[in-house]
Amino acid sequence: MANPDQQTVSSAAATTSAPPSPVVLPKTSENEQLLKIRHSMSHVMAMAVQQLFPQARVTIGPWTESGFYYDFDNPDPFTEADLKAIKKGMIKIINKKLPLERVEVSRSQAEAKIKAQNEPYKLEILEGLQEPITLYTLGDDWWDLCAGPHVDHTGQLNAKAFELESVAGAYWRGDETKAQLQRIYGTAWETPEQLAEHKRRKEEALRRDHRRIGKDLDLFSIEDEAGAGLVFWHPRGARMRLLIEDFWRQAHFEGGYELLYTPHVADISLWKTSGHLDFYAESMFGPMQVDEREYQLKPMNCPFHVLTYASKLRSYRELPIRWAELGTVYRYERPGVMHGLMRVRGFTQDDAHVFCLPEQISDEILKILDLTERILSTFDFNTYEINLSTRPEKSIGDDAVWNLATKGLIEALERKGWAYKIDEGGGAFYGPKIDLKIEDAIGRMWQCSTIQLDFNLPERFKLDYIAADGSKQRPIMIHRAIFGSLERFFGIMTENYAGDYPFWLAPEQVRLLPVTDEVQPYAERLLDQLTQVGVRATIDRSGDRLGKLIRTGEQMKIPVLAVIGAKEAEQNAVSLRSRRDGDLGVVTVADLLRAVQNANAQRAAGLELKG
């Protein structure tokens, strides 16, 4: 049996990944000492803030996977100069080696201490706490309601291994109707070397930001005039999206799926039957009145696939049924959480649903895992983290069905040879699930693929099939997405490649650089030849000097630049420069055409000109 406490890694590292860093950056949740450091550092920061700004009221200050933050209600906005002063105050506190001590108090004692300090937010926090009430003191002058854990004293914090990173707005309890606060983000590590590596990775993440790359390479935009969170795909980005979609469809056909196309809206009664109107209404756009009926934009594709299944009587002999759809859905996201392609209001899910017999669960899940690996590895994502989430306390369905479904997921993971973690009680109320995170070139993990078993929708819609004995039985329904959404995956992929896409996926694969006007007709003929064999090629007609032509092509991250002078035109050839392999020398047009066709057919990273 696979070790459920082990994180999954695939058989090969991503080909685009940078060389392994000598400095390991553990997550807070994986390192008890780091958790103590970061939790303690948030208290140190809050103490320093209140020493400098006595009117500042504190709220909450948790750790994060890479640091910590604290929310403050302060009359004036914190500035960059304030952060520097707060950091100096924190260093003074650290150097004093103040003890952090845990104290148990009664509710009345805690309430009296809070009122004496005029901390209204702490009072509200206290109302939600169960006894015993614990607080941690920081020296003799500062304390906070807290469950810990913490270091023994501030001398155990490294004053050279932390940084205050930014200030952002936040709402109390995350509620837009409540007080607006100021959140100070910080990071803290065990060593200065870890801090330096953290900063390096942050700078690298900025360099790879898909929003900047999308603008620089003219791939997509989000136009305020049309509305927030709505993506406009420009020609270059649209061509890439088409390539991704075509590959996705081909892989699904080969994996035994059929495709569906379903509407973007449905009568509101459908969302009542599915339960979305009860449990998901806050994330749905409002209804539209049409012909005295109310219609709703779809936030999910699932009910449409269910209706398609229910459109005729099904036999057990038809199962499994595998249906996939690139279905565009619409969800209301709060203005403060939208972020480039990562969080939008209109996006296309690579949705699929499998309707199968109970005894087919393990085989179908294994097929999904195989297809997931095939698709993600094509985009150079080869390192994964797997979580298996089991039945929560509040759920529907018989124990026997849950046990059968969970067993099927475990069997499939073991047959696949993938290790996993078990998230006890982390499943959806309607069934257990597998979540897959992918690791990018700078070590970040991204939640993408999910596989969920669903006992809810088949029951709500009374789905059935005729079993071998003639009885009517409920099918098992499996939801799954591999990309999650095309938009978000495109953003993740762009940051993974830093915009330097492999040859087969690049929006512009070859740019011809004619050196003089005399070779322009030759360049036009070559462009036509490349286009005829499916190569995305252009001619730079700017008339700039060769050096600038090359620099412009490199800035646009064109995989192959083909320089054409009088000599190349005479030889029916080009001089090639590859972003991946450098100067390739003079290459005949025949060899070039053969290489680019082969690279596209193989979905290759670059050109192979041997032989």
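Visitor: Are F381 and F489 buried or exposed?

Guide: Buried means under 20% relative accessible area, exposed over 50%, partly exposed in between (1.4 Å probe, protein chains only). Here F381 and F489 are both buried. One caution: this is a predicted model, where local features need pLDDT of at least 70, side-chain atom pairs count only at pLDDT 80 or more, and totals for chains, interfaces and linings use all residues. Residues are numbered from 1 along each chain as its sequence is written, and side-chain values use heavy atoms, leaving out hydrogens and water.

Visitor: Which rings link into a cluster?

Guide: Rings of Phe, Tyr and Trp (its six-membered ring) pair if their centres lie within 6.5 Å; planes under 30 degrees apart are stacked, over 60 edge-to-face, the rest tilted. In this model, ring pairs join F247, F379, F381, F483, F489 and W504. The whole structure holds 24 aromatic pairs.

Visitor: Where does the charged end of K298 sit?

Guide: A charge sits over a ring if NZ of Lys or CZ of Arg is within 6 Å of the ring centre and within 35 degrees of the ring normal. K298 has its charged end over the ring of F304, 5.0 Å from the centre. Likewise, R314 lies over the face of Y309, 5.2 Å from the ring centre.
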